[in-house]
Amino acid sequence: MESFKLNENFFKIPESYLFSEVAARVAKFKEANPDARVISLGIGDVTRPIAPAVTEAMHEAVSELSTEAGFHGYGPEQGYGFLREAIARHDYAERGVDISPDEIFISDGAKSDLANIGDIFSPQCRVAVTDPVYPVYVDTNVMAGRAGRLSSSRWDRVEYLPCTEENGFIPALPSRCPDLIYLCYPNNPTGTVLTLSELSAWVDYALENQCVILFDSAYEAFVSTPGVPRSIYEVPGARKVAIEFRSFSKRAGFTGLRCGYTVVPRDLTLPASDGSLHSLRKMWLRRQTTKFNGASYVIQRGAAAVYTPRGLAETGAQIDGYKRNAALLLEACRRADLEVAGGKDAPYVWVRCPEGYASREFFSLLLERLHIVCTPGCGFGPAGEGYVRLTAFNTPEATREAAERLSGLNSILN
Ligand SMILES: *Cc1c(COP(=O)(O)O)cnc(C)c1O
């Protein structure tokens, strides 16, 4: 009798040809048109260099490590106190939110935490996601065996909550009562946000139905509209139902340095099958101490420097720059009579394709006629078809040039 050793859930995930197809199309276009100045508004990665305050702190930390007195070996799995305290104070207390340092877990980024959090939940849990969606939420649940079977681009055990122009990109509450709900606001890919009262409806729903909300706020630093929460814990009761994931990636350009954190409040408890009540914070602590040995000391020193007055000013200026880029793109799309969402409290502008164009076709038009690279919305889920995503992660000069080209789209379409 043969024994099979592989987690065959991995084989269920279809190869995503879209992103390699996009890259190949762009490469081919550039080869055929060597003089075209192609501007990429497709990248989901920051482009500005690390802030000087952060770099200096990391240099100091490196030097410190090479002294007898300043050497650090393994750090605490949960992260150094100096960073957790800075986070609790600046990201939460100063905004009137009660999160204590021992509810904060430092990691090497939000993606791994968003993926690993599944370890503390049953493989039977039912999952809900907004659609379009950051693919990590879905694919990690497929790997864990929670997603069921794929039929017509949807996993049958996953509830998809469409976010489209029709509902103003505000998802309706689930109908099938999931156990885990992934929310990401400000949203990637749509760039849209929820107001405090809109987010409250989700917290109330989770409280009533005993679900856990996995709240990805990787883009919180881009929020400037009054009444738009940066943290789900601004909603009363959220400490009982929500885990929040944050990152220094988009906020301070750490995509290459790697640092993020996850908040699991003490009030978040769920019953086990024998009726006993369990703290999710304790379970996540156990998970991290068993499987993770902490983020690098140097990087954590760099992350803590984000909260110094200089660090705040320098990283704040970078965010402002990206936000100005987003505003330029938003304005250009409006001038071209394109329907747009997002772009105000997020680095992403979500553009409705003109009448008669699917995501891929509009991608081709933008590439071939305007020499602009976007990301076809269909890559983010079924409800992303008919849209493309533009990102603000570029230089002001390139973004201005792209905005000018976009403004002239009408003359091509008509
Ligand atoms: C970029 C991004 C993250 C951050 O990932 P890191 O692993 O911290 O770099 C998390 N969630 C979403 C939706 C993102 O776009």
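In which sense do strand β7 (residues 180–184) and β8 pair, and over how many bridges? The two strands pair in the parallel sense over five bridges, where pairing requires that DSSP finds at least two bridges between two strands. This is a predicted model, in which local features need pLDDT of at least 70 and side-chain atom pairs count only at pLDDT 80 or more, while totals for chains, interfaces and linings use all residues. Residues are numbered from 1 along each chain as its sequence is written, and side-chain values use heavy atoms, with hydrogens and water left out.

Helices (H or I, at least four residues) and strands (E, at least two) are DSSP runs numbered from the N terminus.

| Partner of β8 | Sense | Bridges | Opposite residues |
|---|---|---|---|
| β7 (residues 180–184) | parallel | five | Ile181 and Ile213 |
| β9 (residues 242–247) | parallel | four | Phe245 and Asp216 |

Because five of the five residues of strand β8 (residues 212–216) are buried (under 20% relative accessible area, with exposed over 50% and partly exposed in between, for a 1.4 Å probe and protein chains only), β8 is largely enclosed by the rest of the structure. Val212, Leu214 and Asp216 cover one side of the strand, and Ile213 and Phe215 the other.

Among the buried residues of α12 are Phe362, Phe363 and Leu370, and just after the helix His371 takes a positive phi of about 60°.
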